[in-house]
Amino acid sequence: MESRPPLHDVWPLRRRHFNRLFAVVYSLAILTLFYHHVLKLLQSNSTLSSFFINIPLFVADIILSYMWSTLQAYRMNPLNRKVFPENLEKYLAREDFPAIDIFICTADPFKEPPINVVNTALSVMAYDYPSQKLSVYVSDDGGSELTMFAFMEAAKFGKIWLPFCRENNIMDRCPDAYFKTNCVLGGDALEIKMMYESMKMKVEKSVEVGKVSDDYISTSSGENRRHVLSKYWGKDFTRQNHPPIIQVLSSCNKDVDISNEAMPNLVYVSREKSKATPHNFKAGALNTLLRVSASMTNAPIILTLDCDMYSNDPFTPQRALCYISDKSTRPNLGYVQFPQLYHGLNKADIYGCDYKRSFQVNPVGMDGLAGPCYFGTCCFFNRRVFFGGPSSYVQPEIPELSPDLIVDKPVNDREILSLAHHVAGCSYEYKTNWGSRMGFRYGSLVEDYYTGYRLQCEGWQSIFCDPTRPAFLGDVPISLIDALSQNRRWCVGFLEVTFSKYSPVTFGIRSMGILMGQSYAHYAFWPIWSIPITIYAFLPSLALLNGIPILPKVHEPWFFLYVFMFLGAYAQDCLDFILTKGTFRRWWSDQRMWLVRGVSSQLFAVVEYISRYIGVDTHGYNLTSKVTDNEQSKRYEEGKFEFGVPSPMFVSLATATILNLIAFLIGTVHMFRERSLNNLFFQVLIAGFGVLNSLPFYEAMVMRSDSGKMPTKITIISTLSVVGIYGVTSFVLRT
Ligand SMILES: O=c1ccn([C@@H]2O[C@H](COP(=O)(O)OP(=O)(O)O[C@H]3O[C@H](CO)[C@@H](O)[C@H](O)[C@H]3O)[C@@H](O)[C@H]2O)c(=O)[nH]1
Ligand SMILES: [Mn+2]
């Protein structure tokens with residue numbers, strides 16, 4: 001047999017040896033620390049104050065240790081991989097490439113500008129891939145004529161854009177990204193840019209006034225447009241209540257681009273909505289797309305994308321195929337996940353929105369086990385995974401949706417369209433397996449994490465593919481409140497999984513083994529970081545102000561244990577971060593945001609989860625806003641924290657920062673007076689660390705006057721809170 005060049009390569013990271021060794025050493029340190037805690041508890045004469053100090057400190061350390069233990073799962077066997085898409089055609093002729101259905105979700109034209117959604121769609125329609133094999137399905141949960149109109153324009157513009165990219169071998173196939181980076185354009189390119197700008201202007205204008213103006217409808221294909229758009233004009237039509245709308249905007253059997261090549265299929269889908277039926281947010285939207293696409297094209301491979309993530313590399317499907325077409329590495333390969341990477345992060349990534357640990361470091365670790373989590377976007381699936389485990393097929397309720405069926409009719413066939421409308425109905429899922437044993441899973445606000453988890457429990461494996469040129473690039477929230485709200489939603493979602501019957505600590509470990517179970521448990525328990533972080537943010541400082549030493553003194557050996565544990569964990573985290581294409585500056589922001597989330601979003605998520613549990617209704621899926629104003633973007637570029645709105649999450653944050661500042665100042669003065677590193681030194685150190693992390697927050701409280709500063713109201717409430725908490729604790733601790 002002739003030997004063919006490889007499709008991919010894999011090598012374990014050298015770091016794993018060090019990680020394993022360090023895990024042993026650190027475990028011993030943890031045991032010693034627990035011994036210290038137990039001693040302290042036994043020695044303390046059960047006064048009220050020792051109860052209020054030693055128990056919380058012990059609890060905090062237990063949680064920190066548990067979270068540390070879950071992190072080790074990622075460190076035992078990290079892998080790197082590389083693909084060679086240039087060799088693909090030696091295995092698989094281009095005409096034999098499998099068909100791909102691409103899903104793009106959008107939910108609100110005012111929070112997710114349709115022009116950006118269009119850019120995402122165009123970037124994938126322009127993939128270097130046989131266009132008859134590409135179908136793009138756009139799910140519009142906003143049920144908006146604005147999005148529909150934007151896509152009518154996109155279908156038209158695509159006929160020029162696609163051949164332009166192909167003929168010029170363009171790498172940036174997202175029009176917006178291309179025109180932003182290539183300023184000097186000539187000839188064709190300039191003309192195309194004008195067309196793009198004109199499309200953008202029409203779409204943005206429409207969004208501005210909230211409806212599509214008549215001028216834009218009565219163009220060449222006026223009548224057809226009017227007919228389609230009039231579906232939105234019914235008097236009972238609202239985004240929460242409307243019939244399904246499915247529109248084929250371009251089809252590969254009928255539409256060609258200006259160089260006479262077939263256009264990919266482009267299908268707009270707005271599933272039926274009714275206030276009486278739960279729609280299950282994004283998971284519901286994706287399941288509708290699964291069925292609609294099954295009835296129209298039923299491609300064996302599915303790519304899911306968020307509307308704010310465009311493709312940055314036209315060869316991405318080929319890269320995914322390198323794994324999908326070769327079953328040797330992972331026989332039960334269910335999905336290939338690309339990292340979520342972002343454009344437009346500021347230099348320090350002040351909000352830690354990169355989530356490097358979640359989207360880049362940890363997946364490399366899970367790849368050495370059974371494969372990474374699913375991130376909700378940038379992921380190529382084998383359609384079969386949505387219908388039961390590798391050896392336990394779950395038959396869909398109607399045979400037309402079976403994953404192996406081949407659709408031999410064109411997408412705009414009457415019969416096909418009628419089936420598509422039927423499966424997009426809002427009561428279609430009633431009494432079926434959708435969301436429980438089939439499709440994307442319901443029951444958590446982080447449907448991505450939960451779905452990937454359940455798939456892996458069923459026995460599916462995954463692969464992490466992280467090419468040098470980012471495959472996809474997305475938007476990040478650029479205000480603190482957006483970043484924290486997003487984090488809070490995720491945390492509520494995680495808790496929904498933690499306390500379900502599929503909890504990773506029980507069900508997960510049983511189905512996937514201890515390391516994979518721990519990897520998933522890490523996220524399930526993510527929100528409980530808030531407990532130790534809040535305890536360490538408040539307790540040492542409060543005790544300090546009351547003159548009570550609660551941590552080891554400098555000359556005690558326990559002091560060094562604490563120092564070792566703190567520095568050890570921090571240094572290893574920093575190392576992981578920097579070795580994964582990170583910078584020290586971003587790592588610093590990342591650890592700061594870890595602390596900030598601990599006293600704000602994660603804490604509030606725990607409260608929100610509990611109130612939801614006891615039946616107090618709280619809001620569901622708060623979309624992350626992708627709209628920005630100029631002032632705000634400028635401040636973001638300068639690396640200034642954006643507060644602006646008075647949010648209760650800022651109160652707990654500001655309270656912690658003010659308290660730490662006061663404790664640090666008083667503690668330092670005290671130390672200088674005594675001229676010794678006294679019993680309180682450790683607490684001064686902790687408060688000092690808090691202060692160091694909070695410098696930009698003090699600036700936002702007192703030095704700034706722009707509209708992104710900390711609202712005065714919040715500063716006042718927080719200061720009063722500090723006084724209040726101090727009052728209460730001094731009463732309790734001194735008795
Ligand atoms: O009812 C809904 C709500 C959301 N979406 C879409 O879901 C996507 C993600 O929403 P976004 O507000 O951008 O959330 P993020 O927190 O930025 O998204 C992260 O977290 C989500 C889980 O909470 C994952 O689904 C995403 O893939 C992941 O990028 C967007 O395309 C939305 O249009 C819907 O289609 N229907
Ligand atoms: Mn997003």
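1. A residue counts as near a molecule if its C-beta atom, placed from the backbone, lies within 6 Å of it. That cut-off sets the shell discussed next. Note that this model is predicted.

2. The ligand site. 26 residues surround ligand 1. The closest are C105, A107, D306, G376 and T624.

3. Who supplies the shell? Strand 3 (100-106), helix 9 (281-296), helix 13 (447-457) and helix 14 (480-498) each give at least two residues to the shell around ligand 1. Helix 14 provides the largest share, with four residues.

4. A helix pair. Helix 17 spans residues 530-545, and helix 24 covers residues 712-733. Their axes lie 10 Å apart and meet at an angle of about 70 degrees. Angles from 65 to 115 degrees count as roughly perpendicular, so helix 17 and helix 24 are roughly perpendicular to each other.

5. The contact itself. From helix 17 come L542, A543 and L545; they meet I725, Y726, T729 and L733 of helix 24. By class, this contact of helix 17 with helix 24 has six nonpolar residues, one polar and no charged ones.

6. V723. This residue also sits in helix 24. The C-alpha atoms of V723 and L659 are 8.8 Å apart, although 64 residues separate the two along the chain.

Definitions and conventions
Residues are numbered from 1 along each chain as its sequence is written. Chains are lettered from A and ligands numbered from 1 in the order in which they are written. This is a predicted model: local features need pLDDT of at least 70, side-chain atom pairs count only at pLDDT 80 or more; totals for chains, interfaces and linings use all residues. Axes are lines fitted to C-alpha atoms, for helices over the stretch in contact, and angles run from 0 to 180 degrees between N-to-C directions. Angles under 35 degrees count as roughly parallel, over 145 as roughly antiparallel, 65 to 115 as roughly perpendicular and the rest as oblique. Two residues are in contact if their C-beta atoms, placed from the backbone, lie within 7 Å. Ala, Val, Leu, Ile, Met, Phe, Trp, Tyr, Cys and Pro count as nonpolar, Asp, Glu, Lys and Arg as charged, and the others, Gly among them, as polar.
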